[in-house]
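Look at the model below alongside its sequence.

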Amino acid sequence: MAAMIAKRHSWLAAAMLLLGCSQVPERPERVVEPRAAEGPAPRGSLLLRQAMLAGQNAARADVGVPPLTWSEPLAAAALSYAQEMARTGRFAHADQPQGMTRQGENLWMGSRGAYRFDEMVGHWVAEKKDFLNLPVPQSSRTGRWQDIGHYSQIVWRGTTQVGCAIASNAKDDYVVCRYSPPGNVWGSIAY
């Protein structure tokens, strides 16, 4: 059965890095997410671009935030990191320098070929149910900002560009979306 790495781990890792913690679990538990259809999911870079823009811009329109535009440089950076994760099997946020070159990042991992791109972005957007438009980190109904971090990056008003990519190994698909300017700024609200 298809499985997806718990998205909470990626935000836990980011939080621990932001707080200066050095011990981050390497392998979170795998959880099963519902699938809309059986059989292999369609693939292709144009389909990825269309699905990621459509899903994220629909979420932004729902809250009155201008749409994101596609960035090839961000997509290239996303591809490089997706390939690294696929090669190493390590699912964690990229180490990035602080400052002007930093990019926002959403990660997704699941069984190879099992999920459509719209399902992948749908997992991020589904975090809306726990989102509160309050300053980060008080922006989650659960008390854990990691539970809404993908969604808040998607709807972050200051973010204007996105680029996404997928890479796979024998077992899993790794999707990376990069954002500029980055969202989830501590002490700020999304929109």
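Buried means under 20% relative accessible area, exposed means over 50%, and partly exposed lies in between (1.4 Å probe, protein chains only). This is a predicted model, in which local features need pLDDT of at least 70, side-chain atom pairs count only at pLDDT 80 or more, and totals for chains, interfaces and linings use all residues. Residues are numbered from 1 along each chain as its sequence is written, and side-chain values use heavy atoms, with hydrogens and water left out.

**Overall layout**

The protein chain has 5 helices and 6 strands. Helices (H or I, at least four residues) and strands (E, at least two) are DSSP runs, numbered from the N terminus. Along the sequence they follow the pattern β-α-β-α-β-α-β-α-α-β-β. Of the 191 residues in the protein chain, 50% are buried. Contact means heavy atoms within 4.5 Å. Among contacts in the protein chain with a separation of 6 or more, 75% join residues 24 or more positions apart.

**Backbone geometry**

| Site | Angle | Location |
|---|---|---|
| Val136 to Pro137, cis peptide bond | omega near 15° | Pro137: loop between H4 and H5 |
| Ser180 to Pro181, cis peptide bond | omega near -20° | Pro181: segment after E6 |
| Asn184, not a glycine | positive phi of about 55° | segment after E6 |

Is Asn184 buried or exposed? Asn184 has a relative accessible area of 13%, so it counts as buried.

**The nonpolar cores**

A nonpolar core is a set of buried Ala, Val, Leu, Ile, Met, Phe, Trp, Tyr and Cys residues joined through side-chain atoms within 4.5 Å. The largest one has 30 residues, and Met52, Trp124 and Val162 touch the most other members. Helix H2 (45-62), helix H4 (117-125), helix H5 (149-154), strand E5 (161-168) and strand E6 (172-180) each supply at least two of its residues. H2 gives the largest share, 5 residues. Another core, of 13 residues, lies apart from it; among its members are Ala82, Phe91, Ala94 and Leu107.

Which residues does Trp124 touch, not counting those up to four places away in sequence? They are Met52, Gln56, Asn106, Leu107, Trp108, His150, Tyr151, Ile154, Val175, Cys177 and Tyr179.

**H2 against H4**

Two packed helices are described by the angle between their axes and the distance between the axes. Axes are lines fitted to C-alpha atoms, for helices over the stretch in contact, and angles run from 0 to 180 degrees between N-to-C directions. The axes of H2 and H4 come within 9 Å and cross at roughly 30°. H2 and H4 are therefore roughly parallel to each other. That term covers angles under 35 degrees; over 145 is roughly antiparallel, 65 to 115 roughly perpendicular, and the rest oblique.

H2 brings Leu47, Leu48, Ala51, Met52, Gly55, Gln56 and Ala59 to the contact, and H4 brings Phe117, Asp118, Met120, Val121, Trp124 and Val125. By class, the contact of H2 with H4 has 10 nonpolar, 2 polar and 1 charged residues. Here Ala, Val, Leu, Ile, Met, Phe, Trp, Tyr, Cys and Pro count as nonpolar, Asp, Glu, Lys and Arg as charged, and the others, Gly among them, as polar.

**Arg60**

Arg60 lies in helix H2. With 1% relative accessibility, Arg60 counts as buried. The C-alpha atoms of Arg60 and Val155 are separated by 5.1 Å, although the two are 95 residues apart along the chain. Beyond its neighbours within four places in sequence, Arg60 contacts Val65, Pro66, Pro67, Leu68, Ile154, Val155, Trp156, Arg157 and Thr159.
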